[in-house]
Amino acid sequence: MGFTDKQEALVKDSWEFMKQDDIPQLSLRFFSLILEIAPAAKNMFSFLKDSDELPQNNPKLKAHAVKVFKMTCESAIQLREKREVVVGETTLKYLGSIHLQKGVADPHFEVVKEALLRTVEEAMGKKWNDEMKEAWAEAYDQLAAAIKAEMHAEAAA
């Protein structure tokens, strides 16, 4: 069936809504959820490794969270337009390489997905519904699949 216009709109519209909200706060919430779900993941992030708590005003934390949200949104657009996630080759190689270096494994992607969905749900409040959840989940799953494929290709090389 593919990614529908409605699914794309759900992801894009909710991202636009979230961008008008408090992105630094959403970023903190996203990372606090990751660490709540998987505390050991803290050491995978250079900007979290040496601190006992989430740094409130850390630009790297915010940038990383925004990148996850934005790339998932871009995945939604590509899935509807091209029926696949198209990440620039250089970006994809970098993402595959850095995730491989950090020891990221399949279960880590699931942790990030859960944190992402919960963050979007909290940001959207009463607007959140099953369709929106499925749209964000599918867009994230496809992005994660592209990164994992690059990780496996690099590991095999």
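1. Ser-27 counts as buried, because its relative accessibility is 0% and buried means under 20% relative accessible area, with exposed over 50% and partly exposed in between (1.4 Å probe, protein chains only). Ser-27 is found in helix H2; helices (H or I, at least four residues) and strands (E, at least two) are DSSP runs, numbered from the N terminus. Leaving aside neighbours within four places in sequence, Ser-27 is in contact with Leu-61, Lys-62, Ala-65 and Val-66, where contact means heavy atoms within 4.5 Å.

2. On the basis of these values: this is a predicted model, in which local features need pLDDT of at least 70 and side-chain atom pairs count only at pLDDT 80 or more, while totals for chains, interfaces and linings use all residues. Residues are numbered from 1 along each chain as its sequence is written, and side-chain values use heavy atoms, with hydrogens and water left out.

3. Helix H2 may be checked for length. The buried residues of H2 include Ile-23, Leu-26, Leu-28 and Leu-33. As for their partners, the buried residues of H2 pack against H1, H3 and H5.

4. How many aromatic pairs are there? The count comes to four, under the rule that rings of Phe, Tyr and Trp (its six-membered ring) pair if their centres lie within 6.5 Å; planes under 30 degrees apart count as stacked, over 60 as edge-to-face and the rest as tilted. The rings of Phe-30 and Phe-69 have centres 5.3 Å apart and planes at 50 degrees, so this pair is tilted. Phe-30 lies in helix H2 (residues 23–37) and Phe-69 in helix H3 (residues 59–82), so the pair ties together parts that are 39 residues apart in sequence. Phe-30 is buried, with a relative accessible area of 1%, and Phe-69 also counts as buried at 1%.

5. Phe-31 and Phe-45 form an edge-to-face pair, 5.1 Å centre to centre with 90 degrees between the planes. This pair links distant parts of the chain, with Phe-31 in helix H2 and Phe-45 in the loop between H2 and H3, 14 residues apart. Phe-31 is buried at 0% relative accessible area, and Phe-45 is buried at 12%. Ring pairs link Trp-15, Phe-30, Phe-31, Phe-45 and Phe-69 into a cluster.

6. Helix H1 (residues 5–20) and H3 pack at an angle of about 155 degrees, with their axes 8 Å apart. Axes are lines fitted to C-alpha atoms, for helices over the stretch in contact, and angles run from 0 to 180 degrees between N-to-C directions. H1 is thus roughly antiparallel to H3, given that angles under 35 degrees count as roughly parallel, over 145 as roughly antiparallel, 65 to 115 as roughly perpendicular and the rest as oblique. Among the residues making the contact are Val-11 and Trp-15 of H1 and Phe-69 and Cys-73 of H3.

7. The axes of H3 and H5 come within 12 Å and cross at roughly 85 degrees. These two helices, H3 and H5, are therefore roughly perpendicular to each other. Their contact is made by Val-68, Phe-69 and Thr-72 of H3 and Val-112, Leu-116, Thr-119 and Val-120 of H5.
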